[in-house]
Structures are given as structure tokens and as C-alpha cells.
Amino acid sequence: MIQILRVELKILSRLQYVVGLPTPLTFLRSLTAHLRQDAQAGPWISLAKFLLELAMLEPEIQHGFPHAYLAAGALAASLRVCGAPEKKRQELVKDVMIWPAEYSSEELLVSCEEELLQLWIRCKDEMVEFHHVFRFLEAKYSYHSRFEVAHLSPAGALKVLREEREPQDFRDFDLDWMRCGIRGSLRQCDPVA
């Protein structure tokens, strides 16, 4: 049995076949392969890596999305925060459609993107247990070599994303009566509310 496994391993390595579970970073490399030709891609890729590292600190996000969609969500959030052309996001949606998912691929992508942006805001506002770890991650991505992406703000991107997700009928609807005088506590839970 051991000889069979050794021969199989030898064949697989000759074929340069990787045996293992692909990580979100593996998928990010695939998704950004065509972006690397773009002169503006450096900050997009760096911010996506920052968001993936941030996701590792939150198990609900890290394990709540398929790895391909976690990578795509990080890249989509990065493109949105950096103000990349809409064409880049459309290309990303097209690329991520090749990986099957239980739900609508684009809806899953947008949900992941929103979760990552919310997590980033909660970390910046020290509303998470691991905010001290976030400070080290933030410092790591504050260097010029990483395009200083930690200094960017996710709030505007999250607001735009939510506006795109809301049906037009509800955008102008005044929800103050539903808040029942607890506006302050809503703002504390969600800095973009």
C-alpha cells in the first residue's frame, strides 16, 4: 500500500498536480492573474489580501463562505473601496460564476463583500475582541510597499453597496418611526446606519 501511495505521489508531482485544499489566497491569485497587467492593480490586490487576512480573525466569515467566494468578495470590496472602474467588477462577477454555489453567485459575492466591509469598520472602531490583533495587521498594510491600503476607509464603499442592494422603493422611505427612539444604539452597532 505504501509503495502505491509513493508511486501516485511521484506521478502527481511530475504532473505538477497540487494535492490539498485551495485556500482563499489560492483563489485570489487566480482571480487577479489578469489584473496584474493593469498599472493600478497593486492597491486592489494588496487591499484584497488585507481583507482576507482580516477574515481569518472572524470564524463566521472565514468559514461562512466558500473559499472562492471569500476571495472574490475581498477583491470586490477592494475594487469598490479603491474606486476601480465598474468594468473590473463585472469581469470579476463573470470569473467567479465558474465556481458553483448553493445560492446566486452574485448575491453570495455581494453578501461576502458586505460582511468584509462591516468587519473592517468594526475592527477600526475597536468593536471586536481581537482589535489589538487588528492593529498589527493594520500596521503591516500601512507600509508604502503594500500601498498603505490600511489607511483607506470602507465606510463610503459600504454605504454605496447598501444603496445598490436596497430596492428603490425603500431608499426614500423614512425608517425613523421603526427605530423607536433607539437611534443611538443602532449607530453604535452599525457605523454606516
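Two rings of Phe, Tyr or Trp (its six-membered ring) count as a pair if their centres lie within 6.5 Å. With that in hand, select F50, W120, F134 and Y141: together they form one aromatic cluster. Keep in mind that this is a predicted model. Across the whole structure, a search finds 4 aromatic pairs.

Start with F27 and W99. Their ring centres are 5.0 Å apart and the planes stand at 85 degrees, so this pair is edge-to-face. F27 sits in helix α2 (residues 24–32) and W99 in the loop between α6 (86–96) and α7, so the pair ties together parts 72 residues apart in sequence. Check F27 on its own too: its relative accessibility is 15%, so F27 counts as buried.

F50 belongs to helix α3 (residues 41–55) and W120 to helix α7, so parts 70 residues apart in sequence are tied together here. Both F50 and W120 are buried.

Now colour helix α7 (residues 105–124) and helix α8 (residues 131–140). They pack at an angle of about 105 degrees, with their axes 9 Å apart, which makes α7 roughly perpendicular to α8. Show side chains for W120, C123 and K124 on α7, and for H131, F134, R135 and E138 on α8, to see who makes the contact. That set splits into 3 nonpolar, 1 polar and 3 charged residues.

Last stop: select Y141 and R146. R146 lies over the face of Y141, 5.0 Å from the ring centre.

How values were computed:
Residues are numbered from 1 along each chain as its sequence is written. This is a predicted model: local features need pLDDT of at least 70, side-chain atom pairs count only at pLDDT 80 or more; totals for chains, interfaces and linings use all residues. Side-chain values use heavy atoms; hydrogens and water are left out. Axes are lines fitted to C-alpha atoms, for helices over the stretch in contact, and angles run from 0 to 180 degrees between N-to-C directions. Helices (H or I, at least four residues) and strands (E, at least two) are DSSP runs, numbered from the N terminus. Angles under 35 degrees count as roughly parallel, over 145 as roughly antiparallel, 65 to 115 as roughly perpendicular and the rest as oblique. Contact means heavy atoms within 4.5 Å. Ala, Val, Leu, Ile, Met, Phe, Trp, Tyr, Cys and Pro count as nonpolar, Asp, Glu, Lys and Arg as charged, and the others, Gly among them, as polar. Rings of Phe, Tyr and Trp (its six-membered ring) pair if their centres lie within 6.5 Å; planes under 30 degrees apart count as stacked, over 60 as edge-to-face and the rest as tilted. Buried means under 20% relative accessible area, exposed over 50%, partly exposed in between (1.4 Å probe, protein chains only). A charge sits over a ring if NZ of Lys or CZ of Arg is within 6 Å of the ring centre and within 35 degrees of the ring normal.
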